[in-house]
Amino acid sequence: MSAAAATKQIPGALIFLHGLGDSPSGWSHLQRSLAQLRPRLAELTYIFPAAPMVAISINGGARMPGWFDLLEWPVSVGDPEDEAGLKAAVTQLHDEISKLEESGVPKSRIVVGGFSQGAAVALLAAYHAGVQQPNSSPLAGVVALSGWLTMTNDLQVFKDIAKHTPCWWGHGTYDDKVLYAQQAFGAGKLKEHKVNVSTTSYPMGHESCAEEMDDLAAFLDETLFGAEQSEL
């Protein structure tokens with residue numbers, strides 16, 4: 001049996017976190033659309049967690065679905081952060097990972113990701129040594145759409161995670177909510193810690209597009225199943 005065939009038989013999963021004010025249904029279409037772009041992705045388990053209702057400072061303290069509080073708008077490099085809220089969101093994501101592991105999906109076959117706030121949580125949970133669980137092992141990968149890297153002042157990444165958990169980061173060049181500069185800043189910080197980060201940009205705002213979806217599908221397919229090989 002080839003390595004690609006053996007990998008195909010091991011379950012895989014994508015956990016994708018929505019953005020501020022959204023719900024799981026806002027991104028659940030990925031289960032269908034990604035499989036249409038790369039048929040092997042139909043084999044994945046898809047998890048779309050719901051954010052809790054939290055008070056959002058930039059909205060006058062109004063409560064809405066959010067992974068953590070936002071203190072400044074637009075989201076710029078160096079803004080103050082809700083570290084307690086970020087850590088609570090990471091705990092929720094770690095719980096989702098543990099549930100998948102208990103169901104038979106190894107952590108090395110789980111990709112985490114999200115859009116905007118969701119991407120920020122995924123990046124933090126996957127890489128920051130300060131929020132890792134004891135004896136943490138690497139995830140298969142991270143996908144960040146229009147996100148940003150948080151808690152960078154004390155960022156440390158375990159070598160094994162940096163080596164085995166690649167990141168793909170897509171961002172709109174006209175993003176006026178999570179500023180485009182966040183991509184270069186965050187990717188640069190991760191690369192300083194030897195994380196394999198690939199970045200792509202698109203002529204759009206704080207949104208997604210068909211080209212980005214195709215790039216996302218390509219990264220997931222390659223990361224979880226490897227390159228396509230002809231059967232002999």
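Biologist: Which residue in β6 is the bridge partner of Gly 113?

Modeller: This is a predicted model. Strands β5 and β6 (residues 141-145) run parallel and are joined by five bridges. Within that pairing, the partner of Gly 113 is Val 143.

Biologist: Which residue stands opposite Val 112, and in what kind of pairing?

Modeller: Strand β1 (residues 13-17) is joined to β5 by five bridges, and the two run parallel. In β5, Val 112 stands opposite Ile 15.

Biologist: Is strand β5 largely enclosed or open?

Modeller: One side of β5 carries Ile 110, Val 112 and Gly 114, the other Val 111, Gly 113 and Phe 115, and these are all buried. That makes six of the six residues in 110-115 buried, so β5 is largely enclosed by the rest of the structure.

Biologist: What is the handedness of the β-α-β unit that contains β5 and β6?

Modeller: The helix of this unit is α4, residues 117-127. Together, β5, α4 and β6 make a unit that is right-handed.

Biologist: Which element gives the most to the largest nonpolar core?

Modeller: That core has 47 residues, and Ile 110, Val 112, Leu 123 and Tyr 127 have the most contacts inside it. With nine residues, the element that gives the most to this core is α4.

Biologist: How many residues are in the other core that lies apart from it?

Modeller: Trp 27, Leu 41, Val 111 and Leu 145 are among the members of this other core. Its size is 24 residues.

Biologist: Which elements are included in what covers the buried residues of α2?

Modeller: Helix α2 spans residues 30-37, and Leu 30, Ser 33, Leu 34 and Ala 35 are buried in it. The cover over these buried residues includes β1, β2 (45-47) and α7 (210-225).

Biologist: Arg 38 forms a salt bridge with which residue?

Modeller: Arg 38 lies in the loop between α2 and β2, and its partner is in helix α7, 176 residues apart. Arg 38 is partly exposed, with a relative accessible area of 23%. The closest N and O atoms are 3.2 Å apart, and the partner is Asp 214.

Biologist: Are Asp 221 and Arg 40 buried or exposed?

Modeller: Their side chains meet in a salt bridge, at 2.8 Å from N to O. Asp 221 lies in helix α7 and Arg 40 in the loop between α2 and β2, so the pair ties together parts that are 181 residues apart in sequence. The relative accessibility is 7% for Asp 221 and 14% for Arg 40. With the cut-off at under 20%, Asp 221 and Arg 40 count as buried.

Notes: Residues are numbered from 1 along each chain as its sequence is written. This is a predicted model: local features need pLDDT of at least 70, side-chain atom pairs count only at pLDDT 80 or more; totals for chains, interfaces and linings use all residues. Side-chain values use heavy atoms; hydrogens and water are left out. Buried means under 20% relative accessible area, exposed over 50%, partly exposed in between (1.4 Å probe, protein chains only). Helices (H or I, at least four residues) and strands (E, at least two) are DSSP runs, numbered from the N terminus. Two strands pair if DSSP finds at least two bridges between them. A crossover is right-handed if, with the strands pointing away from the viewer, the path from the first strand over the helix to the second runs clockwise. Contact means heavy atoms within 4.5 Å. A nonpolar core is a set of buried Ala, Val, Leu, Ile, Met, Phe, Trp, Tyr and Cys residues joined through side-chain atoms within 4.5 Å. A salt bridge is a side-chain nitrogen of Lys or Arg within 4 Å of a carboxyl oxygen of Asp or Glu.
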